[in-house]
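This briefing covers the aromatic rings of one protein model and the charged groups placed over them. A pair of aromatic rings is described by the distance of the centres and the angle of the planes.

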Amino acid sequence: MNPTNRICFPWKSFAPLLLILVLLVSCSTQAEKQEASHFKTRGLVLDVHDLSTVDWPRRAKEAGLTTLATHITPSQVAEFIQSERGRQFLQECKTHGIEVEHELHSMGDLLPRSLFEEDSTMFRMNEEGKRVADYNLCVHSEKAVKTVCDNAVKYAKILTPTTGRYFYWIDDAVPMCRCPECSPYSDSEQALLLENAIVNALRKEVDPEAMLAHLAYVNTLEAPVKVKPAPGIFLEFAPIYRRWDKSLLDTGATGWNDTQTITHGEHLRLLDENLKVFPAETAQVLEYWLDVSLFSGWKKPAVALPWHPEVFLEDIDVYAKRGIRHITSFGVYIDDQYIKNHPDLTFVNEYGKGLEYYRLRQ
Ligand SMILES: [Zn+2]
């Protein structure tokens, strides 16, 4: 007697049910895998040349990253995004499930310098009491703030992030206004006054859920006191004056070149002060672990990245323990030429997987 005859189970009639069960189990495993990742944003910030010459969306996906961000100015990125290569980039991000954000030094585009002739009071006053069109603006000029907001809205329709998180930064590491009305406010507070106006305009005109970064960086590292963030503002902490061969836990370590004397301990104090003003849950870190442009002194040809994975892993633990769930790093200068000269890009995977598989242990 054939023993299989005795346990003849009607597999065929149960096949559809089994298939559904397998799919359900597989979906829940996927969901658990996603939920288990502490970091909601695992990103890389690249300039338009890097994005034009390297298949970043595929590489980002393979590395376990969630997000690619463009850089440097709104007009430059708008030109790229509206080009054929830019549209292809957006399509590839969609195909690979990669979010797109735009991290932009913006004031030159949002308040065109040519307006100085028309009304110099829109521009900042320098230490000598002269209105100058070199950088930024006067945040107590209603006309200047309105112009910035109108242009932020205009660019938001071309450079729409897939995450609802916008980044219109003030100019790069240069002073704000010193007029009698602005002077009582620190550069962080002046920036926040402007950001509050921009996020309100974005919420009214573009997206009621829009979020906007307050960049804590160089002259805006100090937490704002006199100005409170409007709903939708999140902290973006960019510690460019640290070093990357020692972790943030090395609190006595000083900056990456001789002119930077601020210690890692001081960076953490400033971060903690900011986290008393801005929610940790939405805060983002913008780091430099993969920033070849910084390590090359912002001059090509690019040097090979000095990658310290153990420092990176200690650092993300420091950030995670403060409740931070959004992490990005500059990766500027990792373009076609970089890959030709330095073909080993394992650090991109180590970075992405380090973030993807990080688990918070208090
Ligand atoms: Zn002013």
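The count comes to 14 aromatic pairs in this predicted model.

**Tyr166 and Tyr168**
- The ring centres of Tyr166 and Tyr168 are 6.3 Å apart and the planes meet at 25°, so this pair is stacked; the cut-off for stacking is under 30 degrees.
- Tyr166 is buried, with a relative accessible area of 4%.
- Tyr168 is also buried, at a relative accessible area of 3%.

**Trp289 and Tyr351**
- For Trp289 and Tyr351 the centres lie 6.1 Å apart with the planes at 50°, so the pair counts as tilted.
- Trp289 is in the loop between strand E9 (284-287) and helix H10 (292-295), while Tyr351 belongs to helix H13 (residues 346-356); the pair therefore ties together parts that are 62 residues apart in sequence.
- Trp289 and Tyr351 are both buried.

**Ring cluster**
- Trp289 and Tyr351 are also members of a cluster linked by ring pairs, together with Trp307, Phe312, Tyr319 and Phe347.

**Lysines over tyrosine rings**
- Which residue lies over the face of Tyr155? Lys154 does, at 5.0 Å from the ring centre.
- The ring of Tyr185 has the charged end of Lys226 over it, 5.8 Å from the ring's centre.

Technical notes:
Residues are numbered from 1 along each chain as its sequence is written. This is a predicted model: local features need pLDDT of at least 70, side-chain atom pairs count only at pLDDT 80 or more; totals for chains, interfaces and linings use all residues. Side-chain values use heavy atoms; hydrogens and water are left out. Rings of Phe, Tyr and Trp (its six-membered ring) pair if their centres lie within 6.5 Å; planes under 30 degrees apart count as stacked, over 60 as edge-to-face and the rest as tilted. Buried means under 20% relative accessible area, exposed over 50%, partly exposed in between (1.4 Å probe, protein chains only). Helices (H or I, at least four residues) and strands (E, at least two) are DSSP runs, numbered from the N terminus. A charge sits over a ring if NZ of Lys or CZ of Arg is within 6 Å of the ring centre and within 35 degrees of the ring normal.
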